[in-house]
Amino acid sequence: MQKVRPKKALGQHFLTDLSVAQRIASTLDEYKGLPVIEVGPGMGVLTQFLLEEGHDVTVAEIDSESVGYLTAAYPEMAAGGRILECDFLRTDLNEVVPGNGPFCVIGNYPYNISSQIFFHVLDYKDRIVCCSGMLQREVAERLAAKPGTKARGILSVLLQAWYDIEYLFTVSENVFNPPPKVKSGVIKMVRNSVTDLGCDERLFKTVVKTSFGQRRKTIRNSVKGLLPAGTTIPENRLMGMRPEQLSVEEFVELTNLIGSLR
């Protein structure tokens, strides 16, 4: 079969090191038996190891050339309707995996939409028990960033509210075709036991996004716009902090404080 031509517009960098692909696939070893959605399989370098390990895999691929390649390489998957030509970001994952049971997501995620992919995953947090894979190292480090680190951002807090996130290992740019200009990082997110944040979830998202939108300011100054004009902001240790310093629990506390002032 003729190999797929990497397309810059789709952010395609095909992994060529099989040992790396095998390590990424192994992040789901403890979830055998659960359905798996693989995002952007390309020519199936990760798919082959997922299938070898016995996973029930459905792939979501936007590139028609890749879909053609996968259909020829994995006819049984194609016959079972498990090769989807679709935009993952616009796909209802409840239709891909019907019912209300748990499933996993994995992929060598396109760099140009990786943040959007994880926001989409967050919409299915009640069903996705594990999400792992490879993305740009800088973004991977951001997702796993702890309070007090410069890498911490909006996605760090929103994802860590619901998932335990571990940065696993770094991947050299030399094991891709074409090589990207940056290194990659592999992460693993496992759903935690939280079912209720203990605050208004929509306001929580707004507070996190507003705080990091003005990350050089203290919380006192960044959240003023969320409060009615003339509101007296109470003395509180959180108000003198900057957003990257706050833990998820402190953002919950801040959300409840702002909610009471509104």
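1. A friendly place to start is charge: the chain carries 30 positive and 30 negative side chains, and the centres of these two sets lie 9 Å apart. Lys and Arg count as positive and Asp and Glu as negative, with His and the chain ends not counted; each charge is placed at NZ of Lys, CZ of Arg, CG of Asp or CD of Glu.

2. Please keep in mind that this is a predicted model, in which local features need pLDDT of at least 70 and side-chain atom pairs count only at pLDDT 80 or more, while totals for chains, interfaces and linings use all residues. Residues are numbered from 1 along each chain as its sequence is written, and side-chain values use heavy atoms, leaving out hydrogens and water.

3. You will find 11 helices and 9 strands in the chain. These are DSSP runs numbered from the N terminus: helices are H or I with at least four residues, strands E with at least two.

4. Along the principal axes, the C-alpha atoms fill a box of roughly 70 × 40 × 30 Å. Of the 262 residues, 50% are buried, that is, under 20% relative accessible area with a 1.4 Å probe, protein chains only.
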